[in-house]
Amino acid sequence: MLKNLLIFSALITTVVSNAQVQTNKTKNLQNQARSVSENISNTGMIQAGFQDTDDDGLPDFWEIQHNLDINDPSDAYIDLDNDAVYNLFEFQLSSDPYDSLSPHIIQIDSTMSLQDTIESLSQPTVIRLQYGEYSYVQENLFNIDSLQFLIQGGWNEKFSKWHHDSLTKINHLDTTKEGFYFNPSSGKGVWTFQNLILDESKNFGGSMFLISDNNMDTCFITLFNCRITNSEGSFSGLLVDNWMKLPNSYSENRFINTLFARSFDDGIHIQNTHENETKLRFINCTSTQNGVNQSADGIRYFTLDNATVDAKFYNTIAWGNYGDDINEGGTVTRQFIHSDIDAVSGFGTNVLPDVNTVNIYPEFIDSTNANFHLDSALSTLVDAGLDVGLPFNDLAIDIGCFESGTPSAPPTTILESRSYSSLKIFPNPTTEKLHIPIDEKEHLFEIYSVTGERLSTKTSQVDDLFIIDVGALPNGIYVIQDLVFGKSESFVKID
Ligand SMILES: [Ca+2]
Ligand SMILES: [Ca+2]
Ligand SMILES: [Ca+2]
Ligand SMILES: [Ca+2]
């Protein structure tokens, strides 16, 4: 409850004088130099435990340094310099978010070898792939010091236009190997996969087998707009081993707008023998129908030795898997924010209750044909309003609670109680004001466009009524969310 009060009061204090803003800016600049030196060592290694107030993957010091908002998670997914590299990836690759010539970029088409390209990297690099299909076999990369890349699918044949809703497919010539298999020995790892499909991979690790090994100091593993489907590996669709052992090493696994479906074994399996905390983030993801032949799990993570895991699930569905939807063990803290988790269990003594914070049973349309588009009639709260008017509607599947493409800002408020059963708004349609009767005092309302963009509006409170002025919004359909209580509703703005 304290957290909710703080967030609400933070909203009110955004109305401050210019003098106050100036003072805060000066303070931020003063803190900046100190934060940078505290968080990055001479080698560029990110120290464990850096502060990330809005949990968007950008540390506070980096956001301040680059004029971003430490309280706004949506700025991780914008592209300030138009180089088609989101701020999140600019940070991970240590590049300049205001310079379109940074980071280094390589373009390859399907006649070229993705494996040779990766093996030849000598600096953090974006590898752009033409839209289409690639054949790829990755041998294990041992004895490499530092391996930092973003593999980005969805480019047209001239590399002049990037389709953020198009996925590039990675096929496998050699059916005895994983799709991607990385195991560098030391340094910093940045393994980011964007707009890729890995389907029907065959071997032990499934589609991806990623190991951050003993002597690595930093590792970011990120999947963004990906689909890991029909893995026939004997382990899982995506297998991650966080094995880093250096005292201040840092590892973060971030999965955004990504589908894990119909793996032979677990959809995602994450083993942590890291000596420090590993951050796991699932944002707008879906894990379903995994464990086809082994009653394995949708998402499974656990710790060994001194490892700890800090897991958060935003707008995520884990539902309809053959084993548990989520199975966790060891030293784990875990939070669900606006998610559908149908069954959670723990192995060993750590047994947890089922958790459903949005819908009890999200329903997918035609999932037998790999169309995991949510049925809006049966999943109204999950998909409210978001099926209307998207330019790529019906071309891309729904993933998690949102469409494929740039994700909306995930809610950052933790759901602690839900004392009212649905969000009542009136009038709807409205020309100017939305009225919301409430009986609890702590609320945080946000309004999103159908494309997931967060819109700013003015909110006031009169007794037990919240009044939101939406008169300035263009006519159309919007979604309003109460982040504190995890409720959402769509409304129509008219003249
Ligand atoms: Ca941040
Ligand atoms: Ca931010
Ligand atoms: Ca950029
Ligand atoms: Ca840049």
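Visitor: In which strand is Ile256 found?

Guide: This is a predicted model. In it, Ile256 belongs to strand β13, which covers residues 250-256.

Visitor: Is Ile256 buried or exposed?

Guide: Burial is read here from a neighbour count, and 20 or more other C-beta atoms within 10 Å make a residue buried. Ile256 has 27 C-beta neighbours inside 10 Å, so Ile256 counts as buried.

Visitor: How many residues lie between Ile256 and Asn315 in sequence terms, and what is their spacing in space?

Guide: The two are 59 residues apart along the chain, while their C-alpha atoms are 9.9 Å apart.

Visitor: Take Leu198 next. Where is its place, and is Leu198 buried or exposed?

Guide: Leu198 sits in strand β8, residues 196-199. Leu198 is buried, because 27 other C-beta atoms lie within 10 Å. Leaving out residues up to four places away in sequence, Leu198 touches Ile170, Gly179, Ser207, Met208 and Ile228.

Visitor: Which residues touch the most other members of the largest nonpolar core?

Guide: That core has 74 residues, and Met208 and Leu210 touch the most other members. The strand that gives the most to this core is β10 (residues 215-224), with six residues. Apart from residues up to four places away in sequence, Leu210 touches Phe182, Trp191, Ile221 and Val240.

Visitor: Which residues does the second core include?

Guide: The second core is separate and has 10 residues, among them Leu434, Phe445, Tyr448 and Phe491.

Visitor: How should I read a sheet? What is the strand order in the open sheet of four strands?

Guide: Strands of a sheet pair through backbone hydrogen bonds, and the pairing is either parallel or antiparallel. In the open sheet of four strands, the order is β32-β31-β35-β36 and the pairing is antiparallel. Its edge strands are β32 (454-455) and β36 (487-493), each of which pairs on one side only.

Visitor: How many bridges do β35 and β36 have?

Guide: Strand β35, residues 476-482, pairs with β36 in the antiparallel sense over seven bridges.

Visitor: Now the backbone torsions. What is omega for the peptide bond from Ser102 to Pro103?

Guide: Omega is near 5°, and the bond from Ser102 to Pro103 is cis. Pro103 lies in the loop between α4 (87-92) and β1 (104-108).

Visitor: What joins Phe426 and Pro427?

Guide: A cis peptide bond, with omega about -10°. Pro427 is in the loop between β29 (402-403) and β30 (433-437).

Visitor: And phi? What is its value at Ala84, and at Ser146?

Guide: Ala84 is not a glycine, yet its phi is positive, about 60°. Ser146 is likewise not a glycine and has a positive phi of about 80°.

Visitor: Where are Ala84 and Ser146 found?

Guide: Ala84 is in the loop between α3 (60-65) and α4. Ser146 is in strand β4, residues 145-155.

Visitor: Why is Ala84 partly exposed, and why does Ser146 count as buried?

Guide: The cut-off for buried is 20 or more other C-beta atoms within 10 Å. Ala84 has 19 other C-beta atoms within 10 Å and is therefore partly exposed. Ser146 has 20 C-beta neighbours inside 10 Å, so Ser146 counts as buried.

Key. Residues numbered from 1 in each chain as written. Chains lettered and ligands numbered in written order. Predicted model: local features only at pLDDT ≥ 70, side-chain atom pairs only at ≥ 80, totals over all residues. Pairing = 2+ DSSP bridges. Helix = DSSP H or I, 4+ residues; strand = E, 2+ residues; numbered from the N terminus. Buried ≥ 20, exposed ≤ 12 C-beta atoms within 10 Å, placed from the backbone. Core = buried A, V, L, I, M, F, W, Y, C linked by C-beta atoms within 7 Å. Contact = placed C-beta atoms within 7 Å.
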